[in-house]
Amino acid sequence: MDQESTQILVVEDEPIVALDLQQRLERMGYRVPHVVATGEAAIATASRESPQLVLMDISLEGAMDGVEAAEQITTQLRIPVVYLTAFSNDRTLERAKVTEPYGYLLKPFEERELQTTIEVALYKHQAERALREAHDELELRVEERTAELQQANEALQKEIDERARRDVRRATLAR
C-alpha cells in the first residue's frame, strides 16, 4: 500500500497539536481527511470511514479515553492503533499494552520516528491480516477434508457391515 492511498484517522483533543500532526502526515504523503477529539467520535469515524490506521492520543476529553476507544476500534473494526501520549507512567502503559497497540510514541516526537512507527504498524497489520486469512483458509480445508474422511469412513463402515451380514448368511447357509 502506497502512502498516498493510506488514510489515517487522527484522534487528538488539543487543536494545535491535531493540526500540526495532520499537516505533518499530509507532508509525508498520507491522507488525513478526519481529525477528531473524543473517543466516541473516533469510534464513529473509524466505523464509517475505515482508515488504515488510527493515531490515538491516550488522554482525551470526554467520558472515554484513548485506551477505551482504541480497545473498541481494534477488537470490533480490526484497525491498527498507534498511541500518542505525553505521559509514560506505568499504569497508563499497562492499560495501553492490554489493547495490543501497533506503536507507542511519546510526545514530542520527530517526523522520522512518526513515519517509521506508522510504516511498521501498517506492515505488521498487513502481515497479521495475511496470516489470519491463511489460517482461515487452512481451517476451511481441514473442515472439508474432515467431512470427506467422515463420509469415506461411513461408506467403509457400511461395506464392513454388509460383508459381515453376508458372512453370517453364508455361515448360516453352510450349516
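View 1. The model shown is a predicted one, in which local features need a pLDDT of at least 70 and side-chain atom pairs count only at pLDDT 80 or more, whereas totals for chains, interfaces and linings use all residues. Residues are numbered from 1 along each chain as its sequence is written, and side-chain values use heavy atoms, with hydrogens and water left out. Helices (H or I, at least four residues) and strands (E, at least two) are DSSP runs numbered from the N terminus. The side chains of Asp20 and Arg24 meet in a salt bridge at 3.4 Å, N to O, a salt bridge being a side-chain nitrogen of Lys or Arg within 4 Å of a carboxyl oxygen of Asp or Glu. Asp20 is partly exposed, with a relative accessible area of 36%, whereas Arg24 is buried at 12%; buried means under 20% relative accessible area, exposed over 50%, and partly exposed in between (1.4 Å probe, protein chains only).

View 2. Lys107 lies in the loop between E5 and H5 and Glu12 in the loop between E1 and H1, so the pair ties together parts that are 95 residues apart in sequence. Lys107 counts as partly exposed, at 21% relative accessibility, while Glu12, at 2%, counts as buried.

**View 3. Helix H5 and the residues that it buries.** H5 covers residues 111-174, which makes 64 residues, and it reaches 93 Å from its first C-alpha to its last, close to the 94 Å expected at 1.5 Å a residue; the expected span is 1.5 Å times one less than the number of residues. The buried residues of H5 are Leu114, Gln115, Thr117, Ile118, Ala121, Leu122 and His125. They pack against strands E1 (8-11), E3 (53-57), E4 (81-85) and E5 (103-106), and also against helix H1 (15-27), where contact means heavy atoms within 4.5 Å.

View 4. Glu148 and Arg145 are both found in helix H5, 3 residues apart, which is about one turn of the helix, and they form a salt bridge in which the closest N and O atoms are 2.6 Å apart. Glu148 is partly exposed, with a relative accessible area of 42%, and Arg145 also counts as partly exposed, at 47% relative accessibility. Elsewhere, salt bridges that share partners join Asp20, Arg24, Arg27 and Glu111 into one network.

View 5. The 5 strands form an open sheet in the order E2-E1-E3-E4-E5, with parallel pairing; two strands pair if DSSP finds at least two bridges between them. At the edges are strand E2 (35-36) and E5, each of which pairs on one side only. E1 and E2 run parallel and are joined by 2 bridges, and Val11 stands opposite Val36 in E2. H1 packs on the sheet, where it touches E1, E2, E3 and E4, and its direction makes about 160° with that of E1. Helix H2 (residues 39-49) packs on the sheet too, touching E1, E2 and E3, with a direction that makes about 170° with that of E1. Axes are lines fitted to C-alpha atoms, for helices over the stretch in contact, and angles run from 0 to 180 degrees between N-to-C directions.

**View 6. Strand E3 between its neighbours E1 and E4.** In E3, 5 of its 5 residues are buried, so that the strand is mostly covered. Leu53, Leu55 and Asp57 point one way from E3, and Val54 and Met56 the other way. E3 runs parallel to E1, to which it is joined by 4 bridges, and the bridge partner of Leu9 in E3 is Val54. E3 and E4, which also run parallel, are joined by 4 bridges, and in E4 the bridge partner of Asp57 is Leu84.

View 7. Gly39, Ala42, Ile43, Thr45 and Ala46 are the buried residues of H2, and what covers them includes E1, E2, E3 and helix H3 (66-77). Just after H2, Ser50 takes a positive phi of about 50°.
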